[in-house]
Amino acid sequence: PFGLTATVTNATVITAGVSLNDFDFPPVSGRNVIYDSGGAMTIAFSTGVQSIAGLFTYNGPVTMLAYSGSVQVGSVASALSENYLSSGNTPQELLQISGIGLFDTVVISGSQFGGSFVVDDLTIDVPEAVGVPEPGTLSLLALGVSLGWYRRRKQSGLRVASN
């Protein structure tokens, strides 16, 4: 409804049982996850978003940075240095950026060469559209109400006079 588009770079969708090591990097929802291919993953939105969150499984520390234009406005880092299943840690750590106002770009990085994390259940929140009428619309509405009220009053007055 808002016409939001996202341009994603250095990301590849991989599938459990095909291209994903789903023992160490088990998906949560469905069979597909996104992994960082070729370096830091960048998501550029066509309009500002309010929050981004995802479940991350990784073999090296992960950071997520949010930008408004070229200004960094938020960040979050993984709690561990690795959390894939055979590392002995719990996979699917929730990383989230929210409550900082609107931002239009997110950079998620692990290894500088990529191949260091997968993200599942990526969620993006956009602001709700607020329907504020244009000033010209308000003027026309007021004029219409006034004319309707005047016409009704005039017709009412004519009926009373004809009795």
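Me: What stands opposite Thr57 in β8?
Reply: The residue opposite Thr57 is Val118 in β8. The model is predicted, with local features needing pLDDT of at least 70, side-chain atom pairs counting only at pLDDT 80 or more, and totals for chains, interfaces and linings using all residues. Residues are numbered from 1 along each chain as its sequence is written, and side-chain values use heavy atoms, leaving out hydrogens and water.

Me: How do you know that β4 and strand β8 (residues 114–125) pair?
Reply: Two strands pair if DSSP finds at least two bridges between them. β4 and β8 have 7 bridges and are antiparallel, so they are paired.

Me: What makes β4 and strand β7 (residues 93–109) a pair?
Reply: They are joined in the antiparallel sense over 11 bridges. Within β7, Val106 is the bridge partner of Ile43, and Ile43 in β4 also stands opposite Val8.

Me: Why is strand β4 (residues 41–58) called largely enclosed by the rest of the structure?
Reply: Buried means under 20% relative accessible area, exposed over 50% and partly exposed in between (1.4 Å probe, protein chains only). Of the 18 residues of β4, 13 are buried, so the strand is largely enclosed by the rest of the structure.

Me: Why is Val13 called exposed?
Reply: Its relative accessibility is 55%, so Val13 counts as exposed. Val13 lies in strand β2 (residues 11–15).

Me: Which residues does Val13 touch, not counting residues up to four places away in sequence?
Reply: Val13 touches Asn32, Val33 and Ile34, where contact means heavy atoms within 4.5 Å.

Methods
Helices (H or I, at least four residues) and strands (E, at least two) are DSSP runs, numbered from the N terminus.
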